Amino acid sequence: MELRVFTEPQQGATYDHLLAVARRAEETGFGAFFRSDHYLKMGSVSADPGPTDAWTTLAGLARDTRTIRLGTLMTAATFRLPGPLAITVAQVDQMSGGRVELGIGAGWFAEEHTAYGIPFPPLGERFDRLEEQLAVITGLWQTPAGSTFDHPGTYYPVSDSPALPKPVQQPRPPILLGGTGPKRTPRLAARYADEFNVPFASVADSAAQFQRVRDACAEADRDPATMTWSNALVLCCGRDDADVARRAAAIGREPAELRENGAAGTPAEVVDKLGRYAEIGSERVYLQVLDLTDLDHLELVAAEVMRQV
């Protein structure tokens, strides 16, 4: 199982905080550094000094790291037009030497849209827009050099696009879709996703959603083995119970709740929890790191958990 680091900078972080975590994750052998794409805090944290933009951050990290893969869980389709987003991701892919992955979703956090003047359509329209964005983004990336791309869309019609620039990764950077939606989410994943992610869900609920996506793959005549399956879980690992309690308090959570719902406890407990997800086919876990100043947390997981999974 591959372990990746997943951060939530809207809760309060500077670029320097994120760079320190990304570099430590790279040094200790984590497979990737991912961040959320949000513009407003959640909960009672101060969130000082304010939000950072996901793709601006990843552009910086593309130049300030060397080997670790970089991506989003998940960019909201409501935030950006598909053509400019395709250009941005392709450029960051070039800047990183081909290390970028695009996680994208329909968007869900209404308050951040009103806080920053971003339109927030009803759910059905958001999924319609997401589907059309995926068609445009993949179409632009996969159009052969020297050809043009057209898309007669409802929301994002494209005409005579040179479909440039091209990403380094061919035919395109990996696309991640995820969530627990029972119908449209599996269908979109079967058509467009290289990886399907279930965030913060139990083993049983994750297994059920994986099966929905596998069924959608079968309906689309796609081999489910071509999909990478992953989960996201909050991380709270300590050498002993006191260490776990200290780290839980630092993020405002209770150890018992984290042990039930996250990757929490001693290294042995975390290994056991990850093993249960591996049994249902999960190949990657994004460990949500909420205290970005605690770099020893990553060291512990790399030394005591990573080698056992």
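The model is predicted, so local features need pLDDT of at least 70 and side-chain atom pairs count only at pLDDT 80 or more, while totals for chains, interfaces and linings use all residues. Residues are numbered from 1 along each chain as its sequence is written, and side-chain values use heavy atoms, with hydrogens and water left out. Helices (H or I, at least four residues) and strands (E, at least two) are DSSP runs, numbered from the N terminus.

**Stop 1: helix α2**

Select residues 54–64, which form helix α2. Eight of its 11 residues are buried, so α2 is largely enclosed by the rest of the structure; buried means under 20% relative accessible area, with a 1.4 Å probe and protein chains only. Colour Ala54, Trp55, Thr57, Leu58, Ala59, Gly60, Leu61 and Ala62 to see the buried ones. Then show what they pack against: α1 (15–28), β2 (32–35), β3 (69–72), β4 (75–76), α3 and β5 (100–105).

**Stop 2: α2 with α3**

From α2, pick Trp55, Leu58, Ala59, Ala62 and Arg63; from α3, pick Leu85, Thr88, Val89, Val92, Met95 and Ser96. These residues make the contact, meaning heavy atoms within 4.5 Å.

**Stop 3: α5 with α6**

Now select α5 (residues 123–142) and α6 (residues 184–192). Their packing angle is about 0° and their axes are 11 Å apart, and the pair is therefore roughly parallel. On the α5 side, show Gly124, Phe127, Asp128, Leu130, Glu131, Leu134, Ala135 and Thr138. They meet Arg184, Thr185, Arg187, Leu188, Arg191 and Tyr192 of α6.

**Stop 4: helix α8**

Finish at residues 241–250, helix α8. Which residues of α8 are buried? They are Asp243, Val244, Arg247 and Ala248. These cover an arc of only 135° around the axis, which puts them on the same side of α8; the arc is that of the directions from the helix axis to the C-beta atoms. Turn to the other side to find Asp241, Ala242, Ala249 and Ala250 exposed, that is, over 50% relative accessible area. To see what covers the buried residues, show elements including β10 (228–237), α9 (255–261), β11 (263–265) and α11 (295–304).

Conventions: Axes fitted to C-alpha atoms, helices over the stretch in contact; angles between N-to-C directions. Parallel < 35°, antiparallel > 145°, perpendicular 65-115°, else oblique.
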